Amino acid sequence: MSTVYRPSDETLAAFAAGQLDEGLALVVACHVEADPESRQRLRDLQAVQGAFLDSAEPVAMDAGPRDLNAVDQAASQSSSPSTPEAGTPRVLVPYGLGPWRPIGIRVAMRRVEVPGAQARVFMLRAGPGIALPRHKHSGLEWTTILSGAYEHEYGRYAAGDFDEADADHYHTPRVDPVEGCTCIVALTGNVLFQGWLGRLLQPLVRL
């Protein structure tokens, strides 16, 4: 795996500080799990943030023994051993995965249940050579490629790459003609297709 595209410094800093929506953070975590360089950048950011906290004035916690017991119990549950499905990142183990459902010819989607998230999170699997109509988004679209590849106006994204798009990005994704592509996506806002075909698909593709 040779990662080319990584999260912006702003995105990774927000991830390190726990400031991202849970759904967006999960897609960043999938990339970090796959990419050693991003893991190192994350450790560096956490070291800086830790040093800042060490230098700050202490503040009394408003938590009693019951609160602390609840934290311990949650940590214990989250560390329970589990085996991820083949081809899925380990960070997805605590999350519910829906069944794969076809949403078009050789295109399937499965929901990722992320309690409390504002972003909609799903895995998308597209067959070799599939091309999506030109579109943009009214919010954010963050994607980590799990296998295969796709390309669009901003580059070619392969396994491990992170694609960070916002409302300023129009793109026309074309899936690798040999490998196909499986990715995990977090969306805020709506998908806005362009052209007559896109407008025809708009009511059918409810992402």
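**Entry 1: Asp35.** I looked up the accessibility of Asp35 and found 2% relative accessibility, so this residue counts as buried. I note at the outset that the model is predicted.

I then searched for the charged partner of Asp35. Arg6 forms a salt bridge with Asp35, and the closest N and O atoms lie 2.7 Å apart. I placed both residues: Arg6 is in the segment before helix 1 (9-16), while Asp35 is in the loop between helix 2 (22-34) and helix 3 (36-55), so the pair ties together parts that are 29 residues apart in sequence. For Arg6 I recorded a relative accessible area of 24%, which means that the residue is partly exposed.

**Entry 2: a further partner of Arg6.** I looked up Glu37 and found that its side chain meets that of Arg6 in a salt bridge, at 3.5 Å from N to O. This pair also links distant parts of the chain, with Glu37 in helix 3 and Arg6 in the segment before helix 1, 31 residues apart. Glu37 has 46% relative accessibility and so counts as partly exposed. Taken together, I list Arg6, Asp35 and Glu37 as linked in a network of salt bridges.

**Entry 3: Ser38.** I asked which side chains make polar contacts with that of Ser38. I found a polar contact of 2.7 Å between the side chains of Ser38 and His31, and one of 2.9 Å between those of Ser38 and Asp35.

Ser38 lies in helix 3.

**Entry 4: Arg156 and Asp176.** I turned to another charged pair and found the side chains of Arg156 and Asp176 meeting in a salt bridge, at 2.6 Å from N to O. Arg156 sits in strand 7 (residues 155-158) and Asp176 in the loop between strand 9 (174-175) and strand 10 (181-187); the pair links distant parts of the chain, 20 residues apart.

**Entry 5: Ala119.** I located Ala119 in the loop between strand 3 (107-113) and strand 4 (120-126). Its relative accessible area is 6%; the cut-off for buried is under 20%, and Ala119 is buried. I then listed what Ala119 touches, not counting residues up to four places away in sequence: Asp21, Gly23, Leu24, Ala186, Leu187 and Thr188. I also looked up Ala25, which is 94 residues from Ala119 along the chain, and found 9.7 Å between the two C-alpha atoms.

**Entry 6: the whole chain.** The chain contains five helices and 11 strands. Of its 207 residues, 39% count as buried. Among contacts between residues at least 6 apart in sequence, I recorded that 65% join residues at least 24 apart. The accessible surface comes to about 12,000 Å², and carbon and sulfur atoms account for 56% of this area.

Conventions:
Residues are numbered from 1 along each chain as its sequence is written. This is a predicted model: local features need pLDDT of at least 70, side-chain atom pairs count only at pLDDT 80 or more; totals for chains, interfaces and linings use all residues. Side-chain values use heavy atoms; hydrogens and water are left out. Helices (H or I, at least four residues) and strands (E, at least two) are DSSP runs, numbered from the N terminus. Buried means under 20% relative accessible area, exposed over 50%, partly exposed in between (1.4 Å probe, protein chains only). Contact means heavy atoms within 4.5 Å. Accessible areas come from the Shrake-Rupley method with a 1.4 Å probe; for residues, only the protein chains shown count as cover. A salt bridge is a side-chain nitrogen of Lys or Arg within 4 Å of a carboxyl oxygen of Asp or Glu. A polar contact is a pair of N or O atoms within 3.5 Å; within protein, one must be able to donate a hydrogen and the other to accept it, and residues adjacent in sequence count only if both atoms are side-chain atoms.
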